[in-house]
Amino acid sequence: MDHPQRRELLMRGAAGVAAAAGVLALRGGSWTAAAQEGERTLLWADQPPPVPTELAGLARNLKPWEVLDSWITPIANFFQVGHYGWPAITPAAWRLEVEGRVGAPLRLSLADLKAAPRQEVTYTLECSGNHGLPFLSSAIGNARWGGVRLADVLRRAGISQDAKEVVFYGADKAEEVVRAGTPLELRFSANFARSMPVDDAMNPANLLCYEMNGEDLPAAHGAPVRLIVPGWYGIANVKWLQRIEVRDTRFVNRFMARDYVTVREERRGDETIVTESTVGRGRLKSAPARVTVRDGRYRITGMAWGPAPIAAVEVKVDDGPWARATLADADPAAPFAWRFWRLDWTPQPGEHRITSRAIDTSGEVQPAMDDPLIAGKKTYWESNGQVTRLIRIG
Ligand SMILES: Nc1nc2c(c(=O)[nH]1)N[C@H]1C(S)=C(S)[C@@H](COP(=O)(O)O)O[C@H]1N2
Ligand SMILES: [Mo]
């Protein structure tokens with residue numbers, strides 16, 4: 001079962017000689033004793049294909065999962081998504097407008113924001129297309145995001161009684177087309193934007209973020225300021241933020257209502273109906289990250305994340321029974337961050353399929369790929385089905 005792109009990935013994604021041998025030599029890894037002297041990381045046999053050339057500008061810096069080996073993802077290993085290009089904004093010239101249904105519109109500089117109390121949140125940001133598209137399977141990272149509370153700024157502007165939604169506009173824009181190829185075709189220029197209900201926007205965890213892992217927010221991740229919405233999918237975290245608009249009506253655009261819409265077939269009694277819903281909050285999920293070997297002893301490690309605290313992770317090899325993995329201690333100060341887990345393993349030589357599933361404190365279990373919730377899904381968003389990886393031993 002040799003993946004056609006496997007060879008290419010080995011050359012492209014992994015480091016030199018070690019990769020050619022099917023092994024990644026990794027150092028570091030902040031979690032427990034994971035990366036010890038003499039430990040080797042095996043490369044998954046089912047490496048994803050590279051991002052298609054036509055989409056190369058859309059998703060960048062995708063690393064093999066095996067490389068995501070530390071609880072905090074270094075900026076150098078953090079994936080990047082940009083639908084409307086990659087703006088470079090001069091911080092000194094930048095202003096953030098806060099307007100619409102507010103008592104006192106604001107026009108804030110970066111210095112104004114930095115003068116307000118600084119807040120930090122550790123949050124695992126996952127693209128909702130992760131695992132839904134063949135080439136997108138490590139579009140996730142965990143970072144320490146620093147900035148000011150969005151709620152503080154909205155309160156300063158004074159949200160009107162009749163306000164319903166808050167819209168966040170990025171500086172990036174492009175031409176959109178509606179009813180393409182028909183006599184009613186419409187073309188217009190639109191900025192990237194996403195909205196959320198006022199109550200969700202006022203969540204004290206949300207940040208107007210200007211720092212990532214203690215450094216100035218990098219341009220690719222939305223400098224000088226981006227929105228950070230812990231607990232939501234990546235799409236909600238508007239980068240290159242330039243305008244916040246409070247509205248008394250619902251907002252829709254491509255990223256709320258045309259793209260990033262999940263289409264699902266659902267059974268209602270004897271009937272199959274189709275639902276369409278906008279991508280919003282994150283979902284319960286886990287993934288096997290890598291298999292390591294040290295002194296002939298094998299270990300499977302991975303991560304689990306989701307809107308509710310993780311209670312357990314179970315791992316299945318081939319069609320065997322589910323085995324309970326050991327969870328790394330939860331950091332009570334980081335409820336929006338992934339949890340690492342591990343399971344020691346004594347494999348037979350040959351090819352094996354490794355699957356993980358997360359269970360949260362409400363008892364919810366990460367769905368199998370044939371669960372109707374996943375099997376009935378027509379779009380690639382919100383692909384939180386169980387992830388199976390292929391590994392070759394010996
Ligand atoms: N302005 C703007 N913000 C954006 C996007 C975008 O294209 N433009 N992409 C979104 C998507 S789909 C994801 S997954 C995250 C990715 O954040 P990152 O590039 O910092 O990893 O940014 C979100 N914010
Ligand atoms: Mo995304």
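Reader: In which loop is Trp240 found?

Author: Trp240 sits in the loop between β13 and β14 (241–247). Please keep in mind throughout that this is a predicted model.

Reader: What makes Trp240 count as buried?

Author: The cut-off for buried is under 20% relative accessible area. Trp240 has a relative accessible area of 1%, so it is buried.

Reader: Which phi value does His131 have, and where is His131 placed?

Author: His131 has a positive phi near 75 degrees, and this residue is not a glycine either. You will find His131 in the loop between β7 and β8 (140–149).

Reader: Why is His131 called partly exposed?

Author: Partly exposed runs between the two cut-offs, buried being under 20% and exposed over 50%. The relative accessibility of His131 is 25%, so His131 counts as partly exposed.

Reader: Which residues are closest to the centre of the largest pocket?

Author: Let me start with the pocket itself, whose volume is about 390 Å³. It is lined by 19 residues, and those closest to its centre are His131, Ser137, Val387, Thr388 and Arg389. Strand β24 (residues 387–393) supplies the largest share of this lining, three residues.

Reader: How do you know that the lining of the largest pocket draws on both domain 1 and domain 2?

Author: Each of the two gives at least three residues to that lining: domain 1 (4–56 + 282–393) and domain 2 (79–264). By class, the lining has eight nonpolar, nine polar and two charged residues.

Reader: What is the make-up of the lining of the second largest pocket?

Author: Here the division is 17 nonpolar, one polar and three charged residues. The space in this second largest pocket is about 310 Å³. Its lining has 21 residues, and Ala330, Ala334, Pro335, Ala337 and Arg339 lie nearest its centre. The elements giving two or more residues to this lining are β18 (297–305) and β22 (339–345).

Reader: How many cavities of 30 Å³ or more does the structure have?

Author: Searching the whole structure finds two cavities of 30 Å³ or more. What sets a cavity apart from a pocket is that a 1.4 Å probe fits inside but cannot get out. The largest cavity has a volume of about 240 Å³. Among its 19 lining residues, Val81, Arg226, Gly234, Asn237 and Lys239 are the closest to its centre.

Reader: What about the second largest cavity: which strand gives the most to its lining?

Author: That is strand β7 (residues 119–126), with four residues. The second largest cavity has a volume of about 150 Å³. It has 15 lining residues, and Thr124, Gly231, Gly282, Trp305 and Gly306 are the closest to its centre. Domain 1 (4–56 + 282–393) and domain 2 (79–264) each give at least three residues to the lining of this second largest cavity.

Reader: Which residues touch the most other members of the largest nonpolar core?

Author: They are Trp145, Phe168, Leu208 and Ile244, in a core of 61 residues. Strand β11 (residues 207–212) gives the most to this core, five residues. Another core lies apart from it, with 31 residues, including Trp305, Phe340, Ala358 and Ile393.

Reader: Why is Ala358 called buried?

Author: With a relative accessible area of 0%, Ala358 falls under the 20% cut-off, so it is buried. Ala358 lies in strand β23 (residues 350–360).

Reader: How do you know that the buried residues of α4 line one face of the helix?

Author: The buried residues of helix α4 (residues 150–157) are Leu150, Ala151, Val153, Leu154 and Ala157. Looking down the axis of α4, they fall within an arc of 160 degrees, so they line one face. Just after α4 comes Gly158, with a positive phi of about 75 degrees.

Reader: What makes the bond between Ala223 and Pro224 stand out?

Author: Most peptide bonds are trans. The one joining Ala223 and Pro224 is cis, with omega about 5 degrees. Pro224 is in the loop between β12 (215–216) and β13 (226–228).

Technical notes. Residues numbered from 1 in each chain as written. Chains lettered and ligands numbered in written order. Predicted model: local features only at pLDDT ≥ 70, side-chain atom pairs only at ≥ 80, totals over all residues. Heavy atoms only, no water. Buried < 20%, exposed > 50% of the residue type's maximum accessible area, 1.4 Å probe, protein only. Arc of directions from axis to C-beta. 1 Å grid on protein atoms, 1.4 Å probe; cavity = no way out; pocket = protein on both sides within 12 Å on 5 of 7 lines; lining within 4 Å. Points joined across faces, edges and corners; volume = space filled by probe spheres on them. Nonpolar A, V, L, I, M, F, W, Y, C, P; charged D, E, K, R; others polar. Domains from an automatic or database assignment. Core = buried A, V, L, I, M, F, W, Y, C linked by side-chain atoms within 4.5 Å.
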